[in-house]
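Good morning, and thank you for coming.

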Amino acid sequence: MDTYHDLISQTFDFPSQEFTVEGNELRFHGIPLMDLIRKHGTPLRLTYLPKISENIQRAKQWFQQGIEKIGYQGSYTYCYCTKASHFAFVVEEALKNDVHIETSSGYDMHIVRALYHKGRINKQTYIIANGFKRERYKRYLTEFMNDGFVNCMPILDNLSEIEYYKEHVHADTRANLGIRLASDEEPRFQFYTSRLGVRYADAIPLYEEQIKNDPRFELTMLHYFINTGIKDTSYYWSELRRFVHKYCELRKVCPTLHTIDIGGGLPIQTSIQPEYDYPYMIEEVLRTIQRICREEGVPEPHIFTEFGIFTVGESGAHIYNILDEKLQNDKELWYMIDGSFITNLPDTWALNQRFIMLALNGWERNYKKIQLGGLTCDSQDYYNAEKHIYQVFLPERGQEKPLYVGFFHTGAYQEQLSGYGGIKHCLIPAPKHVILDRDADGTVRDWEFAPEQDPESMMRILGYA
């Protein structure tokens, strides 16, 4: 019978730049994961910081190459979407790469202020403020604008939002504004048009009636985002063309408009096998914008993006020990992990999201078709399909050596959705979180960001202590 190593090598182009095997144990970016398990135990949450900078630089390079190849006249600016992961070590790593930030709530502005006081950003840094805004959020944005943050830019999400800024922005303040357009979603969605943004028909009246004649404000950006992200589909290209035509229409009456924000959504790899031709997709985005602007006779806009998942997603991993196996119904073999999919990786449950899943050891053993089960009592706490095949295979469990499994590219949104340090289903604790980085000489350093959640913290939250 073939070994697990045979299975992976025959199914994928393996090993890859990211994943290799030495001594029948998996390495992630050259890091021996079993050494981390011996040091920190499981369940374990990892963040590999260099991958954040690597992906930012890759995206910047793809856009620059596309701009040069087709002779695009606008510039490109990379923003990090903080809601993908608000952790300081993530945001500060991203900011090392000359990027700007996009926010989603009033509490984001406390992070922005902290970054400014630490010298990580300055008053010229772009703060693209998205979202439907409560009073607190609008108040914080106004304070930033009045305080000289010249590129703190509220993206108007509804027709009444600007009334707050007109009332509270000082007479001597000069502020840039954006308008978000409400995009149509894919036909398979349960709703037709996004709840975020203003109607296409309302964009020009909003500018002409509320912004044009107020010397404090300039409309400089038009923004949109499609929930499914950037994909090579007729739906995506149709929505992009519709948006660019509206930009051209608005640009003809608003000479200060010079930038479009095409949002986030650059996908990450969810399989070992490469899935996306990133340079092609980005070049086609640029080419589409360029063609329409030239047809309409307007200048090609500067382009902003707000990549969140692409920035941080591939930096993350979750590692579990296979505690035991159970044979159910004489046909279903379950491997039980020392964690929970619902609480640790909620996208697997809510969105049926697939991540890269590989055994960390036992690559010399025979493999079995299995189902992975989490620790909660919920019937949905399982993982039994990979993206490329509707089955999961892992090595047989050894009698003496435990078996470990890793889920990779889990760095975006999982704590933001499941809650960090709070109460989770069946009181399953948050795993220990370890940060990995490399020194200039290539030496890997690891340190504990947070221990596994303890019962005392839960008792305090629940009011028992």
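**Salt bridges, cores and cysteines**

Arg-287 and Glu-283 are four residues apart in helix H10 (residues 278-296), so about one helical turn separates them. Helices here are DSSP runs of H or I of at least four residues, strands are runs of E of at least two, and both are numbered from the N terminus. This is a predicted model, in which local features need pLDDT of at least 70 and side-chain atom pairs count only at pLDDT 80 or more, while totals for chains, interfaces and linings use all residues. Residues are numbered from 1 along each chain as its sequence is written, and side-chain values use heavy atoms, with hydrogens and water left out.

To return to that pair, Arg-287 and Glu-283 form a salt bridge whose closest N and O atoms are 2.2 Å apart. By salt bridge I mean a side-chain nitrogen of Lys or Arg within 4 Å of a carboxyl oxygen of Asp or Glu. Arg-287 is partly exposed at 33% relative accessibility, whereas Glu-283 is buried at 14%. Buried means under 20% relative accessible area, exposed means over 50%, and partly exposed lies in between, with a 1.4 Å probe and protein chains only.

How many salt bridges does a search of the whole structure find? The search finds 32. In helix H9, Glu-249 and Lys-246 are three residues apart, again about one helical turn, and their side chains meet in a salt bridge at 3.0 Å, N to O. Glu-249 is partly exposed at 39%, while Lys-246 is buried at 10%.

A further pair, Glu-325 and Arg-397, meets at 3.9 Å, N to O. This pair links distant parts of the chain, 72 residues apart: Glu-325 is in strand E13 (residues 316-328), and Arg-397 is in the loop between strand E18 (392-395) and strand E19 (404-408). Salt bridges that share partners also join Lys-51, Glu-54, Arg-58 and Glu-314 into one network.

Let us turn to the interior. In soluble globular proteins, nonpolar side chains tend to be buried together. The largest nonpolar core in this model has 88 residues, and Met-109, Ile-179, Ile-211, Phe-307 and Phe-310 have the most contacts inside it. Helix H9 (residues 234-251) gives the largest share of this core, nine residues. A second, separate core of 47 residues includes Leu-44, Leu-46, Phe-407 and Val-434. A core is a set of buried Ala, Val, Leu, Ile, Met, Phe, Trp, Tyr and Cys residues joined through side-chain atoms within 4.5 Å.

Which residues does Phe-307 touch, leaving aside those up to four places away in sequence? Among them are Ala-59, Phe-63, Tyr-76, Cys-79, Cys-81, Ile-230 and Leu-266, where contact means heavy atoms within 4.5 Å.

Two of those names bring us to the cysteines. A search of the whole structure finds zero disulfides, a disulfide being a pair of cysteine sulfur atoms within 2.5 Å. Cys-79 is buried, with a relative accessible area of 0%. For Cys-254, the closest cysteine sulfur is in Cys-248, at 13 Å, and is likewise too far for a bond. Cys-254 also counts as buried, at 0%.

Thank you; I welcome your questions.
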